[in-house]
Amino acid sequence: MGTVSRMTADLDRATVALARRIAELGTGKESKVFHLSWWSEKMLDWAMARPAFKTQLFRFVDVFPAMTDDADVARHIDEYFEGHDVPTALRAGIGLADRVPLGARVEANVARRNIERMARQFIVGRSGAEAVEGLRQLWDAGSAYTVDLLGEKTVVPSEADRYAGRVHELVSTLADAAATWPASPDGVLEHDDLGPLPRVNVSIKPTALAPHLAPLTRELGLDEAKERLRPILRLARERGAFVYFDMEHYDVKSLSLDLFRGLLEEDEFADLEAGIVVQAYLRDSRDDLADLIAWSAQRPRPITVRLVKGAYWDAETVHARAEGWPVPVFEHKDETDANYERCVRLLHDHHGEVRAAFASHNLRSVAYAVTYARYRGIPDTGYEIQMLYGMAEPMHAAIRSLGLRLRIYAPVGELVPGMAYLVRRLLENTSNESFVRHRFAEGRDLKVLLEAPRIDQVPGPTEPVRRPPTVVDDEDGAGEAGGPPGVTPYEPEPVSEWRRESERAEFAVAVEHVASDLGGDVPALIDGEWVHTSATIPSVDPSAPGTLVASSASCGVDEARWAVEVAVRVAEGWRRTPAAERAAVLFRAAEWLRFRRGPIAALQCFEAGKPWDQADGDVCEAIDFCEYYGREVLRLDGASAELVQSPPGESNRLGYQGKGVAVVIAPWNFPLAIPTGMTAAALVAGNPVILKPAEQTPAVARYLVEALVAGGAPRGVIQFLPGDGEVVGAALVEHPDVAVIAFTGSRAVGLSIIQQAAVARPGQRHVKRVVAEMGGKNALIIDADADPDQAVPAAAYSAFGFAGQKCSAASRLIVLDAVYDQIVERLVGCTRELVVGHPRSAAVQVGPLIDEDAHKRVLRWVERAPSMGTVRLQSEDIPEQGFFVGPTIVEVADPAAPIARDEIFGPVLTVLRARDLDEALALANDTDYALTAGIFSRSPAAIRRAAAELRAGNVYVNRHITGAIVGRQPFGGYGLSGVGSKAGGPDYLHQFLDPRVVTENTLRQGFAPD
Ligand SMILES: Cc1cc2nc3c(=O)[nH]c(=O)nc-3n(C[C@H](O)[C@H](O)[C@H](O)COP(=O)(O)OP(=O)(O)OC[C@H]3O[C@@H](n4cnc5c(N)ncnc54)[C@H](O)[C@@H]3O)c2cc1C
């Protein structure tokens, strides 16, 4: 055995021995989590054995604070647990409300008492004063503490102010109180080998300090958070208090590190006592830790690092997988554990340059930290162990009795803001991978629990990988599971992971590059040739209308006729081109676009006024359409023949063929995605396409045409006619040789196209098919028990994202009376904070309106708003030049007011009050349109009703109502919203195809093939 492995084996033996000793010392003491009231214990036991019940229970706990009275509690119990396998303790309650006069009261009381007790177990006090009492008890029992103020999610600045104010006050209260406490008996709580340790210790959450603390608004968020933190840090310095920066979701990890380092680099805080958390479940945590240590070593006073595994494992995993990003956390528990031990070593190896705190309830992890310190000759008081209030308590006593310093993380606050914390703790304690569960609930064998993590090497950080291009494999007729023949299954293109600095930096470069290269020409493409016209149409930057983005061709009736003639010429050849070849054109076009994602999205910031994330999303959606419809045509081509019966003696084959010349008339608001969706579908179905882009965004649309040409679309199969819609658009629609018209745009134009297309003109031998996606006046309902932390930002995003210029945007918010005032006030505060400006800046969330007409039209609505309701917000913090309108919120009493009925297509949101869900649904459905709608509710019954009754093509529950993803939320409406079937869904391609059945009598002279 080599020296290193001998050392490892020795360390391991000593770790296991110490862990056993800690376990022994803790034996006989009760672990509170699993010794709750009889009721709670039954619930948790049941939950651990039944994942479906666990989901319902935790959801119920989550919604509990929003319930208004006993009847409400009883109703929710019924809704959540009816039909579930539930413990007797709960079954006694279900259904009781209806049958027994006091039923509601009995079960509601039991639930209320038990949930409150469960929450209280993890909370040291409701107020600062109450907490002082609890903390004093901890101190007297020999534990130090760090206090965490429980807070709601910060959505508006006043909430951040309140949080900062409460922390400030808490530091004062604690400093006053702690000054009177007796010295800790052996000084272990007040000194380590590097010097004195403050008695007062608080932990703060960076996101509670600034609503803008998010990847794209990072500078703003950092400034705001620093502004609020400085007075706290000053007070901490004056009163000798210690401040920890907790670590939250991965989205804000680098922001939290920057915040911490930025502040501590300021002169006045150069020798401040402060610490930060490193989460060992992150694959890049060791690198972060090494950086922090190197930085700490330069400071006059070392910082402290609290090493944890990390509290958001499920959320990080689900989020990254849904987005198609690399998962930032380890995916095997042993890897997290091994990394934890690796980080323990790094911290102890740099003892003195950094102070270390090890926060864990895992006996092995704690014992390892102690054992390795001893191996390095670090005194037992040279670092500390930290644990959570109310969790794994047998270990608390054992750690103290070993003479180690134990610090208890003690949350303070009310039940309502504490609920998220409670749910996190319940999740942690009942997780399949939890040491606490294994040890204290299941009593698993220590020998197994204390084994060293079984891995050879800890995997390093991951980088995003570009998707490989899709290739149709003609040889492989089978296809992968779930996919059509010969290609991999469809997956949406991952949007940019803005939390990565590299992705932000790359896009910033693209934006500046585009800015320096505006003003180019956008010719037409007819019969494979780029064609300039004598007249041109300028497209300007709507944020700076003096800036020309591009000059496009201005095609007229002649170009329209010419293009149709060419299309007719190539139609038959393209129709007969095998589906696999047509699909391959789209796959190659997707790859071409993928390669140029940054520049195309950056151009949208100028030509369409789209903020970064929306522009990026638009290009991803365009790629998705190509990938999706390519597979769709293969699916239809492969499977359709089998869909009809063939009796003995007869062969029936169903097939599809292109309808003929297709015209696509596209809007500007999704300047690449929507033209791509319509064009790709028509084209891959076997129709030559003439694309007329929006006058406002020809330069972006040109990229699509280039992509298709580069992808191998034969000459004449894709043609491009920029021009005035009323001229070239009308000429195309009326042309007798056009078979399909795909349109997305306003209701007025859509209806007129349908009318025009209905006329059979001389020479026309078909009925024209019109696929029209039109407007919406979309409603979003906020129920009385909705989570306001979720609902308010989502409502603001749905209404004001891209300045409300989406047909899917929320334009009517319907709020239940019980929460109306509170929701509207928060919404106004949240909306006021939206950053309005030129989208070339990363932080901008609301860009300009598309052009002068739109600007004037929306301003007229805003001017008339006071006559139709109460204007609660008209943001005035907007740039002077450009077509900007500040986000506007208008409360409307009369649902028939035009502002609550007409589509405005701008950042104007009307808010309506509803007595109850019946009225809310009636209001939501009282519209000509039926495009999108949504509800925020935590009532399963209300969600079921809304899902069934909301009149909309796309109904969203507990999320924003825009941003449909191809293949996931096929998109499109009915009513006066449209006549097409869903874009990005399995029915869409049929609209561009004529189905044909060939029936062959296979019986010859009584002989039939098998
Ligand atoms: C004093 C204190 C302060 C804390 N502060 C923070 C903080 O600021 N930020 C924060 O995020 N957390 C914080 N925590 C919470 C902490 O992250 C959890 O309590 C901790 O992760 C539980 O780990 P453990 O070592 O006690 O238990 P174990 O049961 O050994 O580990 C459970 C942990 O392993 C990880 N894990 C679970 N499943 C997997 C898997 N399949 N693959 C890989 N890893 C997995 C998760 O991190 C999970 O929490 C703090 C905890 C304490 C005690």
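1. Let's start with what builds the ligand site. Five elements, β6 (274–279), β7 (304–308), α14 (333–349), β9 (384–388) and α17 (415–430), each give at least two residues to the shell around the ligand. Of the contributors, β9 has the largest share, at three residues. Bear in mind as you read on that this is a predicted model.

2. How many residues surround the ligand, and which are the closest? The count is 30, and the closest are Gly 310, Thr 336, Ser 360, Glu 428 and Phe 435.

3. The backbone does some of the polar work here. A polar backbone atom of Met 247 sits 2.8 Å from a nitrogen atom of the ligand. Phe 330 also has a backbone N or O atom by a ligand nitrogen, this time at 3.4 Å. As for cover, the ligand on its own would expose 940 Å², and the protein buries 94% of that.

4. Now for Lys 777, which I'd look at with some care. Lys 777 sits in the loop between β21 (769–773) and β22 (778–782). The residue is buried, yet Lys 777 has no salt bridge. Where is the nearest side chain of opposite charge? That is Asp 902, 7.1 Å away, whereas a salt bridge calls for a distance within 4 Å.

5. So what does the side chain of Lys 777 reach? The backbone oxygen of Ile 899, at 2.9 Å. Setting aside neighbours within four places in sequence, Lys 777 is in contact with Ile 899, Ala 900, Arg 901, Asp 902, Glu 903 and Ile 904, along with Ser 811, Arg 812, Thr 927 and Tyr 929. Asp 902 is therefore in contact with Lys 777, since contact counts any heavy atoms within 4.5 Å, even though the charged side chain is 7.1 Å off.

6. Two backbone angles deserve a look. Phe 802 isn't a glycine, but has a positive phi of about 50°. You'll find Phe 802 in the loop between α29 (788–800) and β23 (810–816). Buried or exposed? Phe 802 is buried, with a relative accessible area of 0%.

7. The other is Phe 905, again not a glycine, with a positive phi of about 60°. Phe 905 belongs to the loop between β25 (888–891) and β26 (908–914).

Key:
Residues are numbered from 1 along each chain as its sequence is written. This is a predicted model: local features need pLDDT of at least 70, side-chain atom pairs count only at pLDDT 80 or more; totals for chains, interfaces and linings use all residues. Side-chain values use heavy atoms; hydrogens and water are left out. Helices (H or I, at least four residues) and strands (E, at least two) are DSSP runs, numbered from the N terminus. Buried means under 20% relative accessible area, exposed over 50%, partly exposed in between (1.4 Å probe, protein chains only). Lys and Arg count as positive and Asp and Glu as negative; His and the chain ends are not counted. A polar contact is a pair of N or O atoms within 3.5 Å; within protein, one must be able to donate a hydrogen and the other to accept it, and residues adjacent in sequence count only if both atoms are side-chain atoms. A residue is near a molecule or strand if one of its heavy atoms lies within 4 Å of it. Accessible areas come from the Shrake-Rupley method with a 1.4 Å probe; for residues, only the protein chains shown count as cover.
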